[in-house]
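Please read it with the model open.

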Amino acid sequence: MRIQIARISRFLLGLVFIFSGFVKAVDPWGSQFKLEDYFFAFGWDWAVPYALVLGITLSMVEFLIGICFVFGLRPKLSLLGAILLMLIFLPLTLYLAITNVVTDCGCFGDAIKMTNWQTFIKNVVFTIMLIPIYLERKRLKPVLHSRIQWVIIVIFGFFILGISVYSLRHLPLIDFLPYKAGLSLKPDSTVKDQYFVTYKNKKTGQIKEYPADNFPWNDSVWMSEHEFVSQRIVPGKKPPYMFSVFNDMDLDVSNQVISYPDYQFMIVSYDLRKVPKKAVEKIELFIHTSESKNIATCILTANEKSEADSLKHEYQWEAPTYFSDDVVLKMMVRSNPGIVLMYDGVILKKWAWRDAPDLNKLDIISLKDKYIKSKSP
């Protein structure tokens, strides 16, 4: 009976480790950003340059431990690896649950969001599930020959590493982030802010709230018997992932930029200082080609205005520049820079800078028709 419990626990844990490693591997930039959050929170700024390599390595380790658990490969080594991970993550997630210095542990990337307490409880459960595997470790023997086991592990290792490299150079193989093609960021014009006013009856002292467009303001007798107390505004519901965009005068131009009524390419760079030299030349050519075809182009960045102006001049990127939060820009497109095609507030397609589309071949009308229904009868 104990051996069966151990096998079931090992198989279930294996599936979880495979899933956890895979969702991190398809988004190595996300793993880097999350590890950077940890390093900054703990004051380990020296470790920031190693965040990307560490993130890819961690995803590979988790994935391969999962493969070993599911297929019964190198049972002692994989068990030791799982125990070591729990020895690290169990106290770490307890600390996070108590202090909340990092609000999301990132244990399942952006595929599944969990609170810090949920993450800690999950790790407690996983640690308990390791106990029967440890107790029955001598009876959990591999079926395959040692060399065959290593061959399988190496094959899966190259597989998961290949996914990380591909997603690193292009865009995540599977996008778990909210800013997918088809998402509308345009506010509903029928949804408006609601205004309420509160008046007090001078004689009775009764205080009552009224809709701002439905109280007897034109009744002179009523107005003489009441005095104004306060006003309340209930903001209209906005799209869940709409974000703020500012111009170089710090004015909020979110609606004008996001809801641009025609085709628009956004060159999104959360940090213009980190744009590769090859990307500079490619984006320069892309902006020039876009303008020649009368397709609007703008730059969206999180840099300071003076810094952005200087770098844009150096790069010779002749396009209007707007500013937004770096976290939002990292979620919008992982590549730095990335290209986002929008139409009337709807995301039509995204590219990494390496995959900048050939505008002579890109069928933007088909992309629009795919996500936006025609308003014509």
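1. Rings of Phe, Tyr and Trp (its six-membered ring) pair if their centres lie within 6.5 Å; planes under 30 degrees apart count as stacked, over 60 as edge-to-face and the rest as tilted. By this rule there are 23 aromatic pairs. One is Phe63 with Phe159, a tilted pair at 6.1 Å centre to centre, with 40° between the planes. The two residues are 96 apart in the chain: Phe63 lies in helix α3 (residues 51-71), Phe159 in helix α6 (residues 146-169). Helices are DSSP runs of H or I, at least four residues, numbered from the N terminus.

2. This is a predicted model: local features need pLDDT of at least 70, side-chain atom pairs pLDDT 80 or more, while totals for chains, interfaces and linings use all residues. Numbering starts from 1 along each chain as its sequence is written, and side-chain values use heavy atoms, without hydrogens or water.

3. Phe159 is partly exposed, at 44%. Buried means under 20%, exposed over 50%, partly exposed in between (1.4 Å probe, protein chains only).

4. Tyr38, Phe39, Phe42, Trp44 and Tyr95 make up one aromatic cluster.

5. Two charges sit over rings (NZ of Lys or CZ of Arg within 6 Å of the ring centre and within 35 degrees of the ring normal). The charged end of Arg137 is 4.0 Å from the ring centre of Tyr134. Lys330 lies over the face of Phe33, 4.4 Å from the ring centre.

6. Leu77 is in helix α4. Leu77 is partly exposed, at 47% relative accessibility.
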